[in-house]
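Subject: Structure handover

Hi,

Here is the structure I promised you. Please open it alongside this note, which goes through what turned up.

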Amino acid sequence: MYDIEIKNLQVNYGDVVALRDINLKVRHKSFLGIIGPNGGGKTTLFKVILGLIKPLSGTVKVKDNIKIGYVPQSTSFDKSFPILVKDVILMGKLDKTFIAFKRYSQKDKKEAVEVMKKLDIYHLKDRQIGELSGGQLQRVLIGRTLVNNPDVLLLDEPTSSLDSDAKREIFDLLKELNKNKTVLVITHDMEYVFKYIDSLACVNQNIHYHDEDKSITADSLKDVYNCPINLLLQSGAVQKRLGKEGEGLND
Ligand SMILES: Nc1ncnc2c1ncn2[C@@H]1O[C@H](COP(=O)(O)OP(=O)(O)O)[C@@H](O)[C@H]1O
Ligand SMILES: [Mg+2]
């Protein structure tokens with residue numbers, strides 16, 4: 001029933017506790033927003049789901065035969081590297097079986113074209129990635145993952161440093177992809193969170209999370225509210241929501 005199930009997880013870097021007491025169940029085809037302060041452990045949570053980091057204790061269960069796609073923070077991506085859009089997309093095909101100077105099959109190439117068309121970046125296929133706008137580059141990075149047709153998509157701050165039109169386009173795209181994929185997105189863009197996602201988790205060493213129900217209700221917000229940050233309080237979207245349905249939240 002769940003794509004990902006995390007139980008009593010603790011992750012350390014040496015003596016530093018990055019995550020503790022993490023329990024999280026991610027429903028199939030849910031759209032989970034992950035918020036939290038810098039250094040709160042959000043990226044670490046993704047890395048442990050991907051199996052890139054071993055937990056100190058606890059378990060991470062990913063449903064059998066599920067493919068997870070990862071779109072890392074684009075700040076970790078070197079934009080000055082001279083590579084064409086179409087080649088970045090094809091690189092996605094190398095993720096599992098890296099072979100130096102691999103020849104791509106016709107099928108690989110056909111799938112790359114399909115993905116670029118779907119993401120509206122086909123006309124950019126022969127551009128250097130350094131010549132793209134932030135929103136275009138983000139779509140390329142998403143495309144690199146989509147060529148493997150993952151069941152679950154993890155995106156680490158895909159809209160940070162984008163202007164508001166580009167942010168909306170990315171969230172529109174994620175909403176579209178969410179029709180047949182589970183989507184987990186780390187974001188600080190609270191103004192988009194409530195319009196697009198169906199569950200919200202706040203990660204700040206531990207996790208505040210509401211489970212199961214489809215919509216974010218006053219009660220579930222209350223849980224997230226316990227997150228010791230004022231991100232939510234600053235958000236106009238939350239203020240509006242609280243005004244509508246949040247009576248009693250400040251009890
Ligand atoms: N490779 C690492 N080695 C040591 N400490 C790390 C490493 N990566 C992250 N940390 C620390 O773990 C904590 C969580 O980091 P991170 O998961 O990147 O947080 P976030 O993505 O929420 O900003 C921070 O205190 C960070 O400094
Ligand atoms: Mg991070």
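A polar contact here is a pair of N or O atoms within 3.5 Å. By that cut-off, Gly 41 makes one with ligand 1: a backbone N or O atom of Gly 41 sits 2.9 Å from an oxygen atom of the ligand. Keep in mind throughout that this is a predicted model.

**The ligand site**

Two more contacts of this kind are worth a look. A polar backbone atom of Gly 39 is 2.7 Å from an oxygen atom of ligand 1. Lys 42 uses its side chain instead: an N or O atom there lies 2.7 Å from an oxygen atom of ligand 1. Taken alone, ligand 1 exposes 550 Å², and the protein buries 56% of that.

Which residues surround ligand 1? The list is Tyr 13, Ala 18, Pro 37, Asn 38, Gly 39, Gly 40, Gly 41, Lys 42, Thr 43 and Thr 44. By class, that shell has three nonpolar residues, six polar and one charged. Helix α1, residues 42–49, gives the most to the shell, with three residues.

**Strand β3**

Next, look at β3, residues 31–35. Is this strand enclosed or open to solvent? Five of its five residues are buried, so the strand is largely enclosed by the rest of the structure. Phe 31, Gly 33 and Ile 35 point one way from β3. Leu 32 and Ile 34 point the other way. Both sets are buried.

Which strands pair with β3? One is β7, residues 182–186, which runs parallel to β3 and is joined to it by four bridges. In that pairing, Ile 34 stands opposite Ile 186. The other is β8, residues 199–204, also paired with β3 in the parallel sense over four bridges. There, Leu 32 stands opposite Ser 199.

**The chain overall**

The chain has nine helices and nine strands. It runs to 251 residues, and 48% of them count as buried. Its accessible surface comes to about 12,800 Å². Carbon and sulfur atoms account for 49% of that surface. Now take the contacts with a separation of 6 or more: residues 24 or more positions apart make up 69% of them.

Lys 179 is in the loop between α5 (164–177) and β7. Lys 179 counts as exposed because its relative accessibility is 57%, and the cut-off is over 50%.

Asn 65 has a positive phi of about 65° although it is not a glycine. Asn 65 sits in the loop between β4 (57–62) and β5 (68–71). With 78% relative accessibility, Asn 65 counts as exposed.

Ser 161 also has a positive phi, near 70°, and is a residue other than glycine. Its place is the loop between β6 (152–156) and α5. At 73% relative accessibility, Ser 161 counts as exposed.

That is the handover.

Best wishes

Conventions. Residues are numbered from 1 along each chain as its sequence is written. Chains are lettered from A and ligands numbered from 1 in the order in which they are written. This is a predicted model: local features need pLDDT of at least 70, side-chain atom pairs count only at pLDDT 80 or more; totals for chains, interfaces and linings use all residues. Side-chain values use heavy atoms; hydrogens and water are left out. A residue is near a molecule or strand if one of its heavy atoms lies within 4 Å of it. A polar contact is a pair of N or O atoms within 3.5 Å; within protein, one must be able to donate a hydrogen and the other to accept it, and residues adjacent in sequence count only if both atoms are side-chain atoms. Accessible areas come from the Shrake-Rupley method with a 1.4 Å probe; for residues, only the protein chains shown count as cover. Helices (H or I, at least four residues) and strands (E, at least two) are DSSP runs, numbered from the N terminus. Ala, Val, Leu, Ile, Met, Phe, Trp, Tyr, Cys and Pro count as nonpolar, Asp, Glu, Lys and Arg as charged, and the others, Gly among them, as polar. Buried means under 20% relative accessible area, exposed over 50%, partly exposed in between (1.4 Å probe, protein chains only). Two strands pair if DSSP finds at least two bridges between them. Contact means heavy atoms within 4.5 Å.
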